[in-house]
Amino acid sequence: MNPQGERWTAEQVLALAPDAASRTAGGRLAAAAPWSGAGARDGGVWGLCAGSGSTPYRTVVDLDGPGYQCSCPSRKFPCKHALGLLLLWASGSGEVPDGGEPPEWAGDWLTERRRRAAGGPGLRAAPGPAGNGDAEAGHGDAEAGRRRPGGGADPEAVRHRAERRARRIAAGASELERRLTDLLRDGLAAADRAGFGAWDETAARMIDAQAPGLEARVRELAAIPSSGAGWPSRLLEECALAHLLDQGFLHIDTLSEELAATTRARIGVTLPVAELLASAEPVRDRWLVLGRQDGTDGRLTTRRVWLRGEHTGRMALLLSFGAGGQSPEPALPTGLRLDADLVYYPSARPLRAALAERHPTPADAGSEGLVPPGTGVETALAAYGEALARDPWLEGWPVVLAGVTPVPGTEDAGWQLADPATGLALPVDPRCAGRTDLWRLLATAGGGPVTVFGECGHRGFAPVTTWDPEPVPLTATATATTSQGGRR
Amino acid sequence: MTPRTAPPATHPAVSPDASWDDLVAAALLGTERRTPPVTPRPGQDAAAALLDAAALSTVRRRAGLRPAPARPAPAPAPADPRPALPPAARSRLTMLLADRSAPGRGSPRSAPDLAELLPQWLALANHHGYRAPDALLPALLDAARARTDLRPEALTLGGPRALWLARLNGEWKFALRGGAGRATLPPEDTGPAAGPGGDGRSDTQRLWEEGLFAERVSLLAAARHHDPAAGLALLSGTWATERAEDRLMFLDSLRDDLSPSDEPFLEQALADRSRNVRATAAELLSALPGSALAARMAGRTRGCVSLTGAGRIAVEAPGACDSAMQRDGIVTKPPSGRGERSWWLGQLVEATPLDRWTEWFGGLDAAAIVALPVADGWQADLHAAWCRAAVRQRSAEWSRALLGAPALPPSPGDAAPAAWRDPARLLSALPPEERAGWVAEFIASHGLSDAFRLLGVCAVPWAEPLGRAVVDALDIARDAGSYPWSFSGVMGLAERCLDPGQADRLEVLTAIPDEDEDTAPGAGGYWSEAFQRLVGTLRLRETIRAELTPPGP
């Protein structure tokens, strides 16, 4: 799986596609017909693709990164030509021969790109946008990324800005506290009648307060009364957790350093990635990519990639964003093992991390078993409980379950992952119904035990990947607008 | 998951006996109306204290969740011993199925239509005896659900696990209803020896007696293919207890491997309670030229049709349809607008073995007999009945004679030959090369406008000179200045059926020709796109074929 050496698999290439339409379009172009002058050498792949115009498009890909360049007018990134070219190359059918001399237009671009990469840490370090501790406040995160100050900012001004923002957030948290205590005083039954209007206004105030984490919570609170039976209990839970977050921020000076970091991250205060890389100790390991999930709200694609260190056994979550049809970076295909330095964002229960540096993979990589070791259902729940003790706002914790048999849902009971040995089962998170391919999981299992990676949380287990023994992804791109509770 | 039942840890703010339900009840009513079961800190109001207690309780309950009791899992899927697909073919199938679910939004008109290649892909994979990747079964079943033409091949590739899965999801019920692919016999079934059940029945027998209808249909087809007599024995064992519609389906499935040894069974079915079963049995018997039914029909026909001394065929249609004729499957009542007597004659001739005519008409061959004049305007009826007989009895000689020369123009004055009303079915009785040759010649003289159905019965990939004839005709159509979408049907067929080896020869047609005043505006560009797509599809088919190599030993 060495990105510099061997050919990639089609799966790896398709993982780069920004959306399903690009995947399909790229698949169509993965035939020799439109291509001419294609070749590959030293981690570069190039070719001319005949399109509808008279001049063919010039497509070149740098496998290191990867980076793409194409003369087509598409705003998708990578475009279908780059995907098609890579698929053709991956097929190994001889249409993209190795070792030729790149044409000038391709060679120049590759050389220039490598020169720049060598000059600065930028490309190899793959800087994602700065972020908070979880995806709960995706928007604020990406905005923070765009607003990231340049390198030479005056430290005094930076501190001043941070203080001003903290004051604003505190004002927002106080306002939300008033709103919540008013609600509890009048009774939740009134919330059912009040409708969305009142919450909308509060959400807008949280944006003003630069607290995207609180805004997301408020939007969820607004949706709960219409979420079906049992809503008062769920509403009280979420009100209480929002209250806990408000109180945490209002008393942040009394918290331990880690819990304060968790609180800030949950509020949506982001740590710029450059600062993170400079301040924290990297963790080097052989990281196995356990799964990937893309979510979109139409404007922004959020990609979550889960990793587990083979030596440390630590879980890590890489969060990245792509706007306007671009594929979020980095695109790490499930099943890949990468020797890399990760830096964890500070938290009471660190999970989110940034990819600091990838080391060249030794040649014997990928020879070991494909299916990662896993645990049973009780251990999975215990892992979530243990993590929750450190971070009370955690919705779920990544876990590899081994030896579980999927049990399909019935009219009055949801899906389960059952352990036939103990007679115990984890319910599948009911929100998976429309967005996770549970039937694919069932088909792969065939009524027998399988290994499943996913998030174990208080709603149940949300499967992401299973193995047959090749990794089988179970998640399609989730669209945020319809999910229960409006969580992003 | 269930909350842990252990006693909650005590906390100063919460009354030890306050349950989560008490907190929810207080929150619903509001702290104004009901004092919550919490003790506020000094200076703290009741609502904030309730939120404190609720937060503590929420996190505690979430952290203490226990697994739920497992419901029974479905019985394991039956094993499928067929080999797994090569990796490249597997990703190709993923792509073909993905294209179906996201139909080519914004894809150029010059790109291949992947969904149209799925049937070929499935047929080739089945030909090599691969099984579908488990993870792709849901997508495969969805595809088959949306497109009935995919079902036999898709369900064959899916095999036992696809049926297992379909039983668990109401959306895939269609898979259990019949026509479910081609089953293979249970692998252990080497003879009538006792199966693992120990009750003296073989696995085949058990599946036949207890299986779902779909499983039984495919089992019967597989058994018949393997050993027609054994398959028939299977069917006759339970025949009396089957429902009428099932009897009809089972009987129909005998068609493919019909043999003279089936005659006694079919004769018996002529007395079936169900009219449709009787009619199908008669039809099958008439396709067996040596059968007693065929002989009875021939006897009746002999009394109606004769060759006069003047070399004309004289026809005296039957005057009545007696009960013996009815028992042999003759339908008494004609469709509206047809005379009874010609209706009965047609059915008699259709069921009469064709080689009898040579015997009766002094050794003339089919071509000579077809050329004979027919008295009193009976030609159309007689020729139409011969056409049906040629199709049913799969007689190449008679099909050839009735089709005549493809270059023959449909004569304007005379009524068109009966064969030309549906030449596609007669063509099916000819050997593949001859079929391709006939259609090629037909296209060369008549163009593409009536060729669609004829091309549909030609073997894929099209043998030469057919491929060349189609390409030449398309080239001519382009030069004549028409738009390519007038030929989209034939173009689509060409993409799927032309020999991929033609791609290089077609490459020159993808160039955009100069426009002159005769051509429709912009047509050249559209033709170029259409040919690009044709070439692209052919290249893709070549790749697909290379990816789907036969499994190793």
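**From chain B to the interface**

In chain B, which has 553 residues, buried residues make up 48%. The model is a predicted one, and the secondary structure of its chain B comes to 26 helices and three strands. Among the contacts in chain B with a separation of 6 or more, 69% are made by residues 24 or more positions apart.

Turning to the place where the chains meet, 65 residues of chain A are in contact with 65 residues of chain B. The area buried between chain A and chain B is about 5,400 Å², and carbon and sulfur atoms give 64% of that area. On the side of chain A, the residues that lose the most area to chain B are R28(A), R185(A) and W439(A), which together account for 14% of what that side buries.

The rule finds 26 residue pairs in polar contact across the interface of chain A and chain B, with helix α11 (residues 231-250) of chain A supplying 10 residues, the largest share of the side of chain A that touches chain B. By class, that side of chain A has 35 nonpolar, 19 polar and 11 charged residues. Six salt bridges are counted between chain A and chain B, and one of the salt bridges in the model is formed by R185(A) with D45(B), whose closest N and O atoms are 2.4 Å apart.

Strand β12 (residues 424-427) of chain A is joined by two bridges to strand β1 (residues 68-69) of chain B, and the two run antiparallel; here L424(A) stands opposite P69(B). This pairing belongs to an open sheet of seven strands, in the order β15(A)-β14(A)-β13(A)-β10(A)-β11(A)-β12(A)-β1(B), with antiparallel pairing. The edge strands are β15 (471-473) of chain A and β1 of chain B, each of which pairs on one side only. Within the sheet, strand β11 (residues 416-419) of chain A pairs with β12(A) in the antiparallel sense over four bridges, and Q416(A) has P427(A) as its bridge partner in β12(A).

Chain A also holds a hairpin, in which β1(A) and β2(A) have two residues between them and D42(A) in the turn has a positive phi of about 50°. Strand β1 (residues 35-41) and strand β2 (residues 44-49) of chain A pair in the antiparallel sense over five bridges, and V45(A) is the bridge partner of A40(A).

Which salt bridges lie within a chain, and which join two? The side chains of D62(A) and R113(A) meet in a salt bridge (2.8 Å, N to O), and the pair links distant parts of the chain, with D62(A) in strand β3 (residues 57-62) and R113(A) in helix α4 (residues 104-119) of chain A, 51 residues apart. D62(A) counts as buried because its relative accessibility is 3%, under the 20% cut-off, and R113(A), at 11%, counts as buried too.

The side chains of R62(B) and E238(A) likewise meet in a salt bridge (3.2 Å, N to O); R62(B) lies in helix α2 (residues 46-63) of chain B and E238(A) in helix α11 of chain A, so this pair joins two chains. Both partners are buried, R62(B) with a relative accessible area of 4% and E238(A) with one of 6%.

Technical notes:
Residues are numbered from 1 along each chain as its sequence is written. Chains are lettered from A and ligands numbered from 1 in the order in which they are written. This is a predicted model: local features need pLDDT of at least 70, side-chain atom pairs count only at pLDDT 80 or more; totals for chains, interfaces and linings use all residues. Side-chain values use heavy atoms; hydrogens and water are left out. Contact means heavy atoms within 4.5 Å. Buried area is the accessible area (1.4 Å probe) that two parts lose on being put together, summed over both. A salt bridge is a side-chain nitrogen of Lys or Arg within 4 Å of a carboxyl oxygen of Asp or Glu. A polar contact is a pair of N or O atoms within 3.5 Å; within protein, one must be able to donate a hydrogen and the other to accept it, and residues adjacent in sequence count only if both atoms are side-chain atoms. Ala, Val, Leu, Ile, Met, Phe, Trp, Tyr, Cys and Pro count as nonpolar, Asp, Glu, Lys and Arg as charged, and the others, Gly among them, as polar. Two strands pair if DSSP finds at least two bridges between them. Buried means under 20% relative accessible area, exposed over 50%, partly exposed in between (1.4 Å probe, protein chains only).
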